[in-house]
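Welcome! Here is a friendly tour of a protein model, taken one topic at a time. Keep the sequence and the 3D view open as you read.

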Amino acid sequence: MADFEIKDLRASVEGRQILKGVSLSIAKGEVHAVMGPNGSGKSTLSHTLMGHPGYAVDGGEVLFKGQNVLALEPDARARLGMFLAFQYPVVVPGISMANFLRTALNSKRGYDGKDKSKQVTPKEFRSMLKGELEVLHMDDSFLPRYINDGFSGGEKKRAEILQMAMLKPEIAILDETDSGLDIDSIKFVAEAVNRMRGPELGILIITHYTRVLEFIKPDFVHVLVDGKFVLSGGPEVADRLEKTGYSEWGKEETAQPQEVA
Amino acid sequence: MGFNPESLAVLQGEPDWLQQRRRGALATYERLPSPSKTDEEWRRTDVSRFDPGQFSTLEHLDGLKLERPSGLPSGVILKPLRQAAKDHPELVEPRLFTLVHADRDRFAALHAAFFTGGTFLYVPDGVEFDQPVLGQHFSHEGGNSVLPHTLIVAGKNSRFNYLDEYVAEDDAETGYRSGSTEIFLGEGAQVGYVAVQKWGRNVWHFADQRAELQKDSTLRLFNVTLGGKFSKTRVEASLAGEGSNAELKAIYFASGEQFFDFHTLQDHRVGNTRSDLLFKGALQDVSRTVYAGLIRIEKHAQRSDAYQANRNLVLSDKAKATSIPMLEIDNNDVRCTHGATVGPVDPDHLFYLRSRGIPEATAKRMLIQGFFGDVLDRIPFEHARKLVEAELESRIG
C-alpha cells in the first residue's frame, strides 16, 4: 500500500506549466528514482512537493498520512515527516549550523519554548550527531559555522544528509544529491543513505545521471520528460538509460556524467 | 511657554562662561530658521510638526545615575557635567560644544542652551581600566525636555569603556529628548563607547555623537537606536592624527510608526587613517528610516582606508528604508569602499529553514537575529553586549 501518493500533480513556475500530470506511489521501504533530462521538471517536482512559494500548484494532490500535503505550509510538511535534500543548499549568514540543527530537531518534536520535556538536551544532541558524523566522514568543526557558509560542494551535500539522518523523515526527496560531488563524497553520502534505508523510510531520488544509482540501488525508476512520466519500471530502466540516454524521447543528452579529470 | 531667556534662569549656580555660552546658543536657536525640505540633510526628514517650545519644562537638572567602576584609578574625574563645569573649568570650558557645534541647526542650538544631566569623564594620560563606566539617563514623566550631554576626555594612551543608556520609565511618554556626546581621544588612547537610546515611543529625539581622534588613537563606537517616534542621530568621527582608527557601528530596530534618521561622517583629515562603519537596521510595520553617510578624505590624507556599509532588513511591505552613501575624495592614494542594501528576508533562506520543520515565525526570528549577528559581535565590551542582545531579543519577540 502506498504511504505517499502523488496524484496527477500539475505545477507551474512564473505562469508556465512545467509539471503536466505526475502520478507516483511510494511505500515506505522503497527507493524510487526519477530520472530526466534538463528542463523535464525534476526540480519543479522536488520544490512543489516541499512547498516552495515560487512554484504554483495547478492541480492534483499529494497524500501522506491521510492529508493532502499540498494544503500544508512547508514547515508543517517537514514536521509531518517529509524531507528535501536540496540540490543547491543555501548559505544563510548569521545562523550557526548547531543552532539550526537544534532548532529543527526541537520543532520536529513540537517544542515551542514551553514544554521543556520535549526539548533536545545538549547531551542527546551530541550523541545523535556523533554517529552520523562518522559515517559521513565529517567532523564537528562545522557546527559553529554559519549555515553552509564557506562549505565546499561536497560538504554542503553531506550536511544535507546529516540533517536528514538527524530529523529521521519517513519520506525523503534527494534532489540531485550526486551533482557536483567527487566519487568519494558520493560513496560517503550513499553509505549514509543506505544506512537509513528500511521499512520506516521511503526515498525519492531525483537525478539526471545514473551514477548515483550504482551506489543507492533503486527499486523503481521513472523517466520524466516534459513534465510527464514516459516510462516506469524496475532498475533495468536505469540500465537502458545508461546506454541510450534520453534519445528515445528526442533529447540528445546522455544519462552518464562527463568524467571530470 | 516656550524656550526663552527666562527659562535659563532655572539653571542656577553655573559659572559665567557657561551661562554666556547658553545665552549664545539660545540666541542661535532664535535666529536659525526651522530646517526646510530644500536642505539636503532634511529632505526626507520632516520636523514641521515639531514645536520644541511645547516641551520647554526641563524635567530635571542632574537626573543621571552614574555607576563608578570600583577602584577607579586616581586622577580619573567622573561627575555630572554641570558640576564639572564648576569644579574643572580648565578641562571643560575649552572643549564643551567644540565638536558638537551649537550653530549646526536649531536643535543642536537648543540642546547646547538647555542641556542638563550629562556626564563628564576625564581619564588622565596612561590610565587604563577594564570595568566600564555606566551612565544612565532617565526620563520619569512626559511632556517635557530631557537633554543630557556627555563629554569624554581620553588622555594619551588611556584605555577604557563607557556606556550611555537613555531610559524612559513610560514607553508612551511624549516630549523632547536628546543625548549628545563629545569624545576627545588623545594620542594612543583606546576608547569603547556605546549609546543605547530607549526613550519612549512618542518623543522627538535629536542627538549628535562626535569624536576627534589624535595620532594612533582608536575609537570603537556603537550606537543602538530603539526609541522615539522621531529620532535623528548624527555619528561623526574626525580623524585628526595619523594612525588613528574609528570603528563606527550601529543597530536600529524600527516598528509601528517610528521614523529614524542617521547621518554619519568619516572625516579623514590626515593620512594613514582608517575608518570602518557598519549600520544595520530592521524595519517593521509602517516605520521608515533614512541613512545618509559621507566618507570625506581630505587632500593630504593619503594612504587612508575607509569602509562604509548600511544594511536594512525590511520586514513589512509598508516599511521603507532609504540609504544614501556618499564619497568625497580629494586624494587618489586611498582605499575606499561603500555599499548599501535594502531588502526583505530572503525567501530562499526562509524556505530552507522551514523545510526543516522550523515554523515561519521562529525562522523569521532566527533570520533577523542572524542579520544582526555580525555587528553584535563588534560591541566593544561584554556588559553592553548583554544589554543590547536582551533589548534586541525583546524587540524581535
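This is a predicted model: local features need pLDDT of at least 70, side-chain atom pairs count only at pLDDT 80 or more; totals for chains, interfaces and linings use all residues.

Chain A and chain B touch each other, with 19 residues of chain B in contact with 20 residues of chain A.

**Where the chains meet**

- On the chain B side, α5 (347-354) and α6 (360-376) each supply at least two of the residues that touch chain A.
- The largest share of that side, eight residues, comes from α6(B).
- Sorted by class, the chain B side has seven nonpolar, seven polar and five charged residues.

**How α5(B) and α6(B) cross**

- These two helices also meet each other: their axes come within 9 Å and cross at roughly 125°.
- α5(B) and α6(B) are therefore oblique to each other, and their crossing is right-handed.
- From α5(B), the contact uses His349(B), Leu350(B), Leu353(B) and Arg354(B).
- From α6(B), the partners are Glu360(B), Ala363(B), Lys364(B), Met366(B) and Leu367(B).
- Five nonpolar, one polar and three charged residues make up this contact of α5(B) with α6(B).

**A helix pair in chain A**

- Helix α5 (residues 153-167) and helix α6 (residues 183-196) of chain A have axes that come within 10 Å and cross at roughly 5°.
- That angle makes α5(A) roughly parallel to α6(A).
- α5(A) brings Gly154(A), Lys157(A), Arg158(A), Ile161(A) and Ala165(A) to the contact.
- α6(A) brings Ser185(A), Phe188(A), Val189(A), Ala192(A), Val193(A) and Met196(A).
- By class, seven residues of this contact of α5(A) with α6(A) are nonpolar, two are polar and two are charged.

**The two faces of α8(A)**

- Which residues of helix α8 (residues 236-244) of chain A are buried? They are Val237(A), Ala238(A) and Leu241(A).
- Viewed down the axis of α8(A), these buried residues fall within an arc of 100°, so they line one face of the helix.
- The face of α8(A) turned away from the buried side carries the exposed residues Glu236(A) and Lys243(A).
- What do the buried residues of α8(A) pack against? Their partners in chain A are β3 (31-35), α7 (211-215), β11 (220-225) and β12 (228-233).
- Gly245(A) follows α8(A), and its phi is positive, near 65°.

**Val314(B) in its strand**

- Val314(B) is found in strand β18 (residues 305-314) of chain B.
- Val314(B) is partly exposed, because 19 other C-beta atoms lie within 10 Å, while 20 or more would count as buried.
- Although Val314(B) and Ala282(B) are 32 residues apart along the chain, their C-alpha atoms are separated by 5.8 Å.
- Leaving aside residues up to four places away in sequence, Val314(B) touches Leu283(B), Ala319(B), Ala321(B), Val342(B), Gly343(B) and Pro344(B).

- Most residues other than glycine have a negative phi.
- Lys168(A) is not a glycine, yet it has a positive phi of about 45°.
- You can find Lys168(A) in the loop between α5 and β9 (171-175) of chain A.
- With 15 other C-beta atoms within 10 Å, Lys168(A) is partly exposed.
- In chain B, Asp216(B) has a positive phi near 60° and is likewise a residue other than glycine.
- Asp216(B) lies in the loop between β11 (202-213) and β12 (218-225) of chain B, and its 19 C-beta neighbours inside 10 Å make it count as partly exposed.

Methods. Residues are numbered from 1 along each chain as its sequence is written. Chains are lettered from A and ligands numbered from 1 in the order in which they are written. Two residues are in contact if their C-beta atoms, placed from the backbone, lie within 7 Å. Helices (H or I, at least four residues) and strands (E, at least two) are DSSP runs, numbered from the N terminus. Ala, Val, Leu, Ile, Met, Phe, Trp, Tyr, Cys and Pro count as nonpolar, Asp, Glu, Lys and Arg as charged, and the others, Gly among them, as polar. A residue is buried if 20 or more other C-beta atoms lie within 10 Å of its own, exposed if 12 or fewer, and partly exposed in between; C-beta atoms are placed from the backbone. The arc is that of the directions from the helix axis to the C-beta atoms. Axes are lines fitted to C-alpha atoms, for helices over the stretch in contact, and angles run from 0 to 180 degrees between N-to-C directions. Angles under 35 degrees count as roughly parallel, over 145 as roughly antiparallel, 65 to 115 as roughly perpendicular and the rest as oblique. A crossing is left-handed if the near helix is turned anticlockwise from the far one by less than a right angle, and right-handed if clockwise.
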